[in-house]
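The sequence and the structure are shown first.

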Amino acid sequence: MELFVLILQDLVSSEGSFSESHFSGNVQDLIDVNNYITENYKAPSLMVGHSLGGAAVLVASSKLDNIKAITTIGAPSHINHIKKHFSEAESLIKDKSELQVNIGGRPFLINKDFLDDFEKLNLLDIVNKLRKPLLIMHSPVDTIVGIQNAQDLYENAHHPKSFISLDQADHLLSASADGHYVGDMIGTWVKRYFTPVENKMLETNDEQLVAYLNLQEDKFSTYIQTKKHTFISDEPEDIGGDDLGPSPYDYLSAALAACTTMTLKLYADRKNWELDEIYVYITHSKKHMEDIQDQSGKGKFLSHISKKLEFKGNLTHEQKKRLEEIASRCPVHKTLKENVIIETSTIN
């Protein structure tokens with residue numbers, strides 16, 4: 001699929017003052033951003049909104065023909081639901097220009113205009129007239145926006161409509177596992193409503209593969225393209241990456257493991273041995289030369305790769321020992337043991 005998405009986060013997790021931000025303003029911001037992207041890039045097709053942002057994308061989507069599907073996460077069914085968090089603030093605010101309130105454990109400033117803005121729209125009526133695929137995601141234990149809101153939205157929407165329970169998630173999806181689950185489910189659901197298109201592949205320029213990193217959009221996430229396959233490499237979060245794919249050394253270990261299994265399969269087939277399954281466990285590390293009993297360069301560290309094999313099948317002890325020997329003869333293993341020459345040049 002080729003899909004452009006507009007996402008609006010909730011006000012509860014935003015920065016700044018509610019007194020400077022009105023609900024109708026959030027809706028208009030979405031429409032303005034949509035129009036800008038449409039004019040300068042490509043029209044968005046999906047809108048995703050969280051909490052009050054979910055209400056905003058419902059209203060904005062009703063005004064935009066290019067939006068073909070909508071997802072809400074922990075969204076209210078009534079715009080003024082948030083007023084329950086203000087309690088006495090609504091009466092006190094009449095005498096003050098601004099008042100600090102607590103929503104979701106965080107302080108915010110509100111004023112009367114902010115409250116009055118909630119009264120202008122009937123969200124359920126808008127949902128009833130929407131006639132676009134709608135995915136409603138909500139946690140049954142949400143204490144900020146109760147699960148009844150999801151039921152109201154679902155009952156007033158027309159098919160195609162879907163509901164996914166975010167079991168045990170809090171309103172802000174504080175646990176990373178909940179955020180990943182939401183992303184995975186949206187990605188799966190939306191496939192039904194958009195026609196798949198052929199992936200745009202990077203040009204390898206007659207080389208075996210190409211790696212591409214857009215420094216303006218990504219930290220370390222590098223897209224790798226062979227002539228037929230695409231994959232991604234990244235760094236772990238603890239060193240500044242997004243952990244969207246295996247690290248470069250993970251791929252190095254993977255190449256050795258895959259080559260080993262394939263070599264052992266070919267050998268066992270040729271010998272007609274009853275080898276059913278192969279597991280290859282790889283760990284790469286740096287070890288001091290003295291620790292690996294290499295005295296040729298004291299004070300230096302070498303790359304150390306541990307390769308452990310596990311076989312399933314009707315094999316004798318002698319056959320397993322022979323397979324262990326063959327495991328060291330796979331092409332990648334031999335390459336890593338050789339003195340490899342790498343030539344580097346610049347094209348442009």
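The points below cover a pocket, a loop residue, the aromatic pairs and a helix residue. The model is predicted. Its second largest pocket has a volume of about 610 Å³, and four aromatic pairs are counted in the model.

**The second largest pocket**

- The lining of the second largest pocket consists of 14 residues.
- Nearest the centre of this pocket lie Glu207, Gln208, Leu209, Val210 and Ile342.
- Strand β8 and helix α10 (331-337) each contribute at least two residues to the lining.
- By residue class, the lining comprises seven nonpolar, five polar and two charged residues.

- Thr204 is located in the loop that runs between α7 (176-190) and β8 (209-212).
- With a relative accessible area of 9%, Thr204 falls under the 20% limit and is therefore buried.
- Beyond its neighbours within four places in sequence, Thr204 is in contact with Leu209, Val210, Gln225, Thr226 and Lys227.
- Two of these contact partners, Leu209 and Val210, are also among the residues that lie nearest the centre of the second largest pocket.

**Aromatic pairs and a charge over a ring**

- The count of aromatic pairs comes to four.
- One of them joins Trp189 and Tyr193: the ring centres are 5.2 Å apart and the planes meet at 55°, so the pair is classed as tilted.
- Within this pair, Trp189 is buried, at a relative accessible area of 10%, whereas Tyr193 is partly exposed, at 26%.
- Another pair is formed by Tyr267 and Trp273, with ring centres 5.6 Å apart; because the planes stand at 80°, over the 60 degrees required, this pair is edge-to-face.
- Tyr267 is buried, with a relative accessible area of 9%.
- Lys161 lies over the face of Tyr154, at 4.3 Å from the centre of the ring.

**Gly53 in helix α2**

- Gly53 belongs to helix α2, which spans residues 52-61.
- The relative accessibility of Gly53 is 2%, so this residue counts as buried.
- Gly53 and Phe23 are 30 residues apart along the chain, and their C-alpha atoms are separated by 8.9 Å.

Note on methods: Residues numbered from 1 in each chain as written. Predicted model: local features only at pLDDT ≥ 70, side-chain atom pairs only at ≥ 80, totals over all residues. Heavy atoms only, no water. Helix = DSSP H or I, 4+ residues; strand = E, 2+ residues; numbered from the N terminus. Buried < 20%, exposed > 50% of the residue type's maximum accessible area, 1.4 Å probe, protein only. Contact = heavy atoms within 4.5 Å. Phe/Tyr/Trp six-rings, centres within 6.5 Å; stacked < 30°, edge-to-face > 60°. Lys NZ or Arg CZ within 6 Å of the ring centre and 35° of its normal. 1 Å grid on protein atoms, 1.4 Å probe; cavity = no way out; pocket = protein on both sides within 12 Å on 5 of 7 lines; lining within 4 Å. Points joined across faces, edges and corners; volume = space filled by probe spheres on them. Nonpolar A, V, L, I, M, F, W, Y, C, P; charged D, E, K, R; others polar.
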